[in-house]
Amino acid sequence: MSSNSFSRRKFLGASLLTSAGLSLIPGLSFASAPTPLFQSAHERVRLGFIGVGRQAMGLLNNFMRIPGVEAVAAADVYAIKRERFALRVQKNMSEAGKTYVAPKLYEDYRELLENPDVDAVVIASPDHWHAIMAIDACRAKKDIYLEKPLTFTIKEGQELVKAVRENGIVLAVGSMQRAAVNFQTAAMHVQRGKLGKISQVLVHVGDNPHPKPYDLAEEPIPAGLNWEKWLGPIPSLHFNDLLNPGISLNPEKNEAAWGAWRWYRETGGGLMTDWGAHMIDIAQWGLSMDRNGPVEVIPASGDQPLTYRYANGVEMLITKFDEGRQGVKFLGENGWIKVSRGNYDTSIEELQIGKEPENFSFGAHHVDFIDCIRKRKDPIVPVEVGHSTCTACTIGNIAHELGRPLKWDPIAQVFSDSEANKKLHYTYQRGLSL
């Protein structure tokens, strides 16, 4: 951690004991502040988990720490991951001194959605399943915590926004950086004009950000994995263990890496959507471009990085800067602010914040979702914001794939280029539809 890191103690003090950190951002109300983790339990919120791989295990631990929250069901196409989920629930309940009640386990997520004991779902499946599962959950009247990126295609995002609003659903996007004080502070100062007029925003999502064609070798499908259901709407691909990393329970061995589906064009959006869903999200937040977006995207060429242009003239460059960690740097006429996980720095002394070299927690983001279920209000990152962020990431991939600049209408959500518009969606397989 750099000398400009700030402490977990300061994060918890600012975001859990007061509402100031959240309420200062324009468009974010005092009611959006997270509920303290140590509050008395309110009414129960019973969660069902859809997709219980590596990411879901972390989410499970965070949600089960919140008073009144129970994990009552799980669905996954891999039997051993369902079994692991039940063991984790048992362990968490035992450590909390609670009587263990075994969760209901399903291979087909639609059976979980039919369970009347499930109030809300946590969806942490591969990206190509996000939209179908979330729209089905809307129709089943289940509130939703949906991992980022929101959807696999832009058309899916448009349909999900409709489904959430038509069914009165609370949907929170897993863009948890918005619940962290350093990212909140950076966005607040930029929105309030502390840097003066912004000329550029540098966004680093990682090296080689765009997805590549699927090139993994074929391997045998392991016992207990329903590969056809894993593929779902996408065209057929042969199995490779890197897509759905294996685990064991005795001895316990968890995933050695994140599922590699995120790096391939057929199954994910590469670093553009995997980390862009976090960092482009913060950039657009600071620029007050939530529910909006760029008007042009220009693919990388030579020394010129992938570049977005907004109607107000601001440019967003997808490029490495300074120390090279994933992050965002706002450049204005008065100075700069840069922010990344656990770090914040600025050229303007009066805009500095604490510098203790400690980590901080994203748990407030999950608390906010539960609080919003109970109060029936929008969370820190509602569906429209998740969609505008995901769209910005995806049009960058489309421009790269086509190899030419593209004009984009962020309100109508269409390109001026007919070939590019064909990439707003794809034809689903196996009889699936939105």
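**Cavity, pocket and backbone features**

Because domain 1 (45-176) and domain 2 (177-211 + 268-359 + 383-422) both contribute residues to the lining of the largest cavity, this cavity lies between them; the domain bounds come from an automatic or database domain assignment. The model is predicted, so that local features need pLDDT of at least 70 and side-chain atom pairs count only at pLDDT 80 or more, while totals for chains, interfaces and linings use all residues. Residues are numbered from 1 along each chain as its sequence is written, and side-chain values use heavy atoms, with hydrogens and water left out.

Rolling a probe the size of a water molecule over the atoms shows where empty space is left. On a 1 Å grid over the protein atoms alone, a cavity is a set of points where a 1.4 Å probe fits but cannot get out; a pocket is an open set with protein on both sides within 12 Å along at least five of seven lines; lining residues have an atom within 4 Å of a point. Grid points are joined across faces, edges and corners, and a volume is the space filled by probe spheres set on the points.

The structure holds three cavities of 30 Å³ or more, and the largest cavity has about 40 Å³ of space. Its lining consists of Lys148, Pro149, Leu150, Val173, Ser175, Ala277, Asp281, Gly386, Thr389 and Cys390. Helix H11 (276-286) and H13 are the elements that give two or more residues to this lining, and the largest share, three residues, comes from H13. Helices (H or I, at least four residues) and strands (E, at least two) are DSSP runs, numbered from the N terminus. By class, five residues of the lining are nonpolar, three polar and two charged; Ala, Val, Leu, Ile, Met, Phe, Trp, Tyr, Cys and Pro count as nonpolar, Asp, Glu, Lys and Arg as charged, and the others, Gly among them, as polar.

Two of these lining residues, Lys148 and Pro149, are joined by a cis peptide bond with omega near -15°. Proline 149 is in the loop between strand S5 (143-146) and helix H7 (154-166).

The second largest pocket also lies between domain 1 (45-176) and domain 2 (177-211 + 268-359 + 383-422), because both give residues to its lining. This pocket contains about 520 Å³ of space. Of its 25 lining residues, Phe152, Thr153, Arg265, Glu401 and Lys423 are the closest to the centre. Helix H13 (residues 383-402) provides the largest share of the pocket lining, five residues. The classes in this lining are eight nonpolar, 12 polar and five charged residues.

A helix pair comes next. The axes of helix H3 (residues 54-64) and helix H12 (residues 363-375) come within 9 Å and cross at roughly 65°; axes are lines fitted to C-alpha atoms, for helices over the stretch in contact, and angles run from 0 to 180 degrees between N-to-C directions. In the contact (heavy atoms within 4.5 Å), H3 supplies Leu59, Asn62 and Phe63, and H12 supplies Gly363, His366, Phe369 and Ile370. Four of the contact residues are nonpolar, three are polar and none is charged.

Most residues other than glycine have a negative phi, and most peptide bonds are trans. Asparagine 250 and proline 251 are joined by a cis peptide bond with omega about 5°, and proline 251 lies in the loop between strand S8 (248-249) and strand S9 (252-253). Arginine 291, not a glycine, has a positive phi of about 65° and is in the loop between H11 and strand S10 (296-298). Arginine 430 has a positive phi of about 60° and is in the segment after helix H14 (418-421).
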